[in-house]
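Here are my notes on the model, point by point. Please keep the viewer open while you read.

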Amino acid sequence: MSNYPQNYRLPAEFEPQEATWLSWPCNKEACPKTYLRLQDKFGEIAANIARYQRVRICAPELMHMAIRLSIADNEGDLSQVDLYNYPTNDVWTRDH
C-alpha cells in the first residue's frame, strides 16, 4: 500500500516544467583535479538555462555569491535564479 495520495503522479520528462533544479558542485573531494573547471561549467549551464526558464540551485549559502557571479559572467539572467541553502555531496540531483 502506498503512502501517496491517490491522484499523485510523476510527470514525464517531456511535460512542461516550472524550473530546472541543479545541485552545485561543492564537494571538492569528489573531483579534486577538475573542481574549478566544474564550477565554471556549472555557471555556463545555469546561465544557459536561465535564459529560457527558472533555475533552482542547491548549494551551501557561503557559495551563493560566487554562484551568482559565475552565472552573471556567463550572461545568465539572475532574476531567473533561485538559490537554496542545501549543501550536497554530489551534483547528481535526481537521487536527493
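1. **Basis.** This is a predicted model: local features need pLDDT of at least 70, side-chain atom pairs count only at pLDDT 80 or more, and totals for chains, interfaces and linings use all residues. Residues are numbered from 1 along each chain as its sequence is written, and side-chain values use heavy atoms, with hydrogens and water left out.

2. **Confidence.** pLDDT is the predictor's confidence in each residue, from 0 to 100. The chain averages 90. A score of at least 70 is reached by 95% of the residues. Helices (H or I, at least four residues) and strands (E, at least two) are DSSP runs, numbered from the N terminus. Among the elements, strand β3 (residues 81-85) has the highest mean pLDDT, 98. The lowest, 93, belongs to strand β1 (residues 19-23). Where pLDDT is low, the predicted coordinates should not be read in detail.

3. **Sheet.** Three strands form an open sheet in the order β1-β2-β3, with parallel pairing. β1 and β3 stand at the edges with a single partner strand each, so one side of each lacks a neighbour in the sheet. On average, neighbouring strands are turned by 20° against each other, direction ignored. Pairing requires at least two DSSP bridges between two strands. Five bridges join β1 to strand β2 (residues 54-59), and S23 has C58 as its bridge partner in β2. β2 and β3 also pair over five bridges. R56 is bridged to D82 in β3, and A59 to N85 in β3. Four of the five residues of β1 are buried, so β1 is largely enclosed by the rest of the structure. For β2 the count is five of six, so this strand too is largely enclosed. Buried means under 20% relative accessible area, exposed over 50%, and partly exposed in between (1.4 Å probe, protein chains only).

4. **Crossovers.** β2, α2 and β3 make a right-handed β-α-β unit. Right-handed means that, with the strands pointing away from the viewer, the path from the first strand over the helix to the second runs clockwise. β2 and β3 are parallel partners. Helix α2 (residues 64-73) packs on the sheet and touches both β2 and β3. The direction of α2 makes about 160° with that of β3. Such angles run from 0 to 180 degrees between N-to-C directions, with axes as lines fitted to C-alpha atoms, for helices over the stretch in contact.

5. **Q39.** Contact means heavy atoms within 4.5 Å. Q39 sits in helix α1 and is buried at 12% relative accessibility.

6. **Aromatic pairs.** How many aromatic pairs does a search of the whole structure find? It finds three. W24 and F42 make an edge-to-face pair, 5.8 Å centre to centre with 70° between the planes. This pair links distant parts of the chain: W24 lies in the loop between β1 and α1, F42 in helix α1, 18 residues apart. W24 is buried at 1% relative accessibility, and F42 is buried at 11%. The rings of Y84 and Y86 have centres 6.1 Å apart and planes at 5°, so this pair is stacked. Both residues are partly exposed: Y84 at 26%, Y86 at 49%. Ring pairs also link W21, Y84 and Y86 into a cluster. The criterion for Phe, Tyr and Trp (its six-membered ring) is centres within 6.5 Å; planes under 30 degrees apart count as stacked, over 60 as edge-to-face and the rest as tilted.

7. **P60.** This residue lies in the loop between β2 and α2 and is buried at 16% relative accessibility. P60 and P87 are 27 residues apart in sequence, yet 4.5 Å apart in space, C-alpha to C-alpha. Beyond neighbours within four places in sequence, P60 is in contact with C26, N85 and P87.

8. **A backbone check.** Most residues other than glycine have a negative phi. E75 has a positive phi of about 60° although it is not a glycine. E75 is placed in the loop between α2 and β3 and is exposed at 66% relative accessible area.
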